[in-house]
Amino acid sequence: MQVYGDSISGNCLKVRWVAEYLGLPFDWIETDILKGESRTPHFLALNPAGQVPLVVLNDGRPLAQSNAIILHLAEGSDLIPTDAYDRARMLEWMFWEQYSHEPYVAVARFHVRYAGKAVADLEPRLVERGNGALQRLEDGLAVSLFLVGEAVSLADVALVAYTRLAHEGGFDLGRYPKVQTWVKRVEAALKIA
Ligand SMILES: N[C@@H](CCC(=O)N[C@@H](CS)C(=O)NCC(=O)O)C(=O)O
């Protein structure tokens with residue numbers, strides 16, 4: 001399997017972590033988005049959306065979208081709850097991550113870390129929504145060790161990717177103690193540094 005990814009991207013790291021956790025062999029093809037490497041004719045032929053992560057499976061079929069990829073890779077593994085309701089709850093978190101967390105927490109980080117914007121100059125709505133997402137996580141973690149019950153799942157993979165880097169976008173994880181502890185718990189469960 002080939003994984004096209006940029007190591008600065010949490011979305012891409014989700015794929016690396018799941019493949020490594022499951023012991024799936026893969027070649028990582030570093031794709032620098034800041035240099036436009038996801039917009040070359042070669043890349044666009046594989047993923048017309050021009051985005052990483054992208055995997056090319058062993059049989060040659062391409063697949064994009066981080067959460068779709070990790071769902072496919074982890075099928076039948078302990079990263080996906082067997083109970084149908086718990087599986088749906090995992091997906092609930094993963095869809096929420098893409099629409100209500102990543103667009104604020106990851107985008108703020110991108111502006112500050114890679115586009116040279118000062119935290120003070122971030123759009124207030126971005127900061128407000130990002131803090132809202134982190135509070136939502138804090139509340140969700142009041143009832144269980146992981147986002148879906150007591151075992152790590154793809155919900156944790158999807159949400160930890162940018163939450164662990166939230167400080168790079170100016171967010172103070174000290175305001176969210178359960179989230180801080182959960183980040184360490186997920187990193188330990190996935191064996192990521
Ligand atoms: N929803 C997509 C987001 C993919 C995405 O936005 N990828 C970014 C890197 S995190 C990218 O490739 N940006 C380069 C570009 O759009 O040209 C996913 O989860 O995979």
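Helix α6 passes helix α7 in a left-handed crossing, where left-handed denotes that the near helix is turned anticlockwise from the far one by less than a right angle, and right-handed that it is turned clockwise. The axes of α6 (residues 154–163) and α7 (residues 177–190) come within 10 Å and cross at roughly 120°; axes are lines fitted to C-alpha atoms, for helices over the stretch in contact, with angles from 0 to 180 degrees between N-to-C directions. Asp156, Val157, Val160 and Thr163 of α6 meet Val179, Val183, Val186 and Leu190 of α7 in this contact, two residues being in contact if their C-beta atoms, placed from the backbone, lie within 7 Å. By class, the contact of α6 with α7 has six nonpolar, one polar and one charged residues (Ala, Val, Leu, Ile, Met, Phe, Trp, Tyr, Cys and Pro count as nonpolar, Asp, Glu, Lys and Arg as charged, and the others, Gly among them, as polar).

The model is predicted, with local features requiring pLDDT of at least 70 and side-chain atom pairs pLDDT 80 or more, while totals for chains, interfaces and linings use all residues. Residues are numbered from 1 along each chain as its sequence is written.

An open sheet of four strands has the order β2-β1-β3-β4, with mixed pairing. Helices (H or I, at least four residues) and strands (E, at least two) are DSSP runs numbered from the N terminus, and two strands pair if DSSP finds at least two bridges between them. Because β2 and β4 (62–64) stand at the edges with a single partner strand each, one side of each is left without a neighbour in the sheet. Strands β1 (residues 2–5) and β2 (residues 27–30) run parallel and are joined by four bridges; Val3 has Trp28 as its bridge partner in β2. β1 pairs with β3 (residues 54–56) in the antiparallel sense over three bridges, with Gln2 opposite Val56 in β3. The pairing of β3 with β4 is antiparallel over three bridges, and Val56 stands opposite Pro62 in β4. Helix α1 lies across β1, β2 and β3, running at about 150° to β1.

The domain assignment, automatic or from a database, gives domain 1 (2–74) and domain 2 (84–190). Their C-alpha centres lie 21 Å apart. Twelve residues from domain 1 and eleven residues from domain 2 form the contact. On the side of domain 1 that touches domain 2, α1 gives the most, with seven residues. The residues of that side divide into eight nonpolar, three polar and one charged.
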